[in-house]
Amino acid sequence: MSRSWRLAFAAFYSVALVVGIGLGLRVMVDGYSPVPFADFWAQFPFIERGLHGDIGVSDLWAQWNEHRIPLARLQFLADYGLFDGTNVFLFGAIAVTSLLLAGLFATAVWIDTHDRLLALGVLAVAATATM
């Protein structure tokens, strides 16, 4: 592929990356609500005990539906303890985790192919898809 085509694709991927992230953030901002959603309401007894310092590792590891969600429970505690339960921390954690996942995927592609343009394209698609 010629240099001019590579530059054109790099510009396209860069614009797609910025637009994709921007749209994802816009959806998060427009859809924001501090009101807990669906079955998150059932986490309040855990959060109350946690904010009063009455939890242990077994509480973090306790089964939730068919899952174990210790990291999510720590994030719930951080959101309610530091941000008054506004869900801003949780949405921020989702955005950062999505972008880190996209970056990790693009890095894996770059390590395998050593093609920066392909890695940039993968980053643009993955970041847009996960946001």
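## Terms and model

For the angles that follow, an axis is a line fitted to C-alpha atoms, for helices over the stretch in contact, and an angle runs from 0 to 180 degrees between N-to-C directions. The model described here is predicted.

## Helix 4 against helix 5

Helix 4 and helix 5 have axes 8 Å apart and pack at an angle of about 135°. Angles over 145 degrees count as roughly antiparallel, and the two helices are therefore classed as oblique to each other.

On the side of helix 4, the residues in contact are Gln 75, Phe 76, Ala 78 and Asp 79. They meet Val 88, Phe 89, Leu 90 and Ala 93 of helix 5. By class, six residues of this contact are nonpolar, one is polar and one is charged.

## Helix 1 against helix 5

Helix 1, which covers residues 3–30, also packs on helix 5: the two axes come within 11 Å and cross at roughly 160°. The pair is therefore roughly antiparallel, and the crossing is right-handed.

Helix 1 contributes Ile 21, Leu 25 and Met 28 to the contact, while helix 5 contributes Phe 91, Ile 94, Ala 95 and Leu 99. Seven nonpolar residues form this contact, with no polar and no charged residues.

## Helix 5 against helix 6

The axis of helix 5 comes within 8 Å of that of helix 6 (residues 116–130), and the two cross at roughly 155°. This angle makes helix 5 roughly antiparallel to helix 6. Their crossing is right-handed.

Among the residues of helix 5 in this contact are Leu 99, Ala 102, Phe 105, Val 109 and Trp 110. Those of helix 6 include Arg 116, Leu 118, Val 122, Leu 123 and Ala 126. The contact of helix 5 with helix 6 comprises 13 nonpolar, four polar and one charged residues.

## The largest pocket

The largest pocket holds about 450 Å³ of space. Its lining consists of 17 residues, of which Phe 40, Phe 76, Asn 87, Leu 90 and Ile 94 are the closest to the centre. Two elements give two or more residues to the lining, namely helix 4 (70–82) and helix 5 (88–113). Helix 5 gives the most, with five residues.

By class, the lining has eleven nonpolar residues, five polar and one charged.

Key
Residues are numbered from 1 along each chain as its sequence is written. This is a predicted model: local features need pLDDT of at least 70, side-chain atom pairs count only at pLDDT 80 or more; totals for chains, interfaces and linings use all residues. Side-chain values use heavy atoms; hydrogens and water are left out. On a 1 Å grid over the protein atoms alone, a cavity is a set of points where a 1.4 Å probe fits but cannot get out, and a pocket is an open set with protein on both sides within 12 Å along at least five of seven lines; lining residues have an atom within 4 Å of a point. Grid points are joined across faces, edges and corners, and a volume is the space filled by probe spheres set on the points. Helices (H or I, at least four residues) and strands (E, at least two) are DSSP runs, numbered from the N terminus. Ala, Val, Leu, Ile, Met, Phe, Trp, Tyr, Cys and Pro count as nonpolar, Asp, Glu, Lys and Arg as charged, and the others, Gly among them, as polar. Angles under 35 degrees count as roughly parallel, over 145 as roughly antiparallel, 65 to 115 as roughly perpendicular and the rest as oblique. A crossing is left-handed if the near helix is turned anticlockwise from the far one by less than a right angle, and right-handed if clockwise. Contact means heavy atoms within 4.5 Å.
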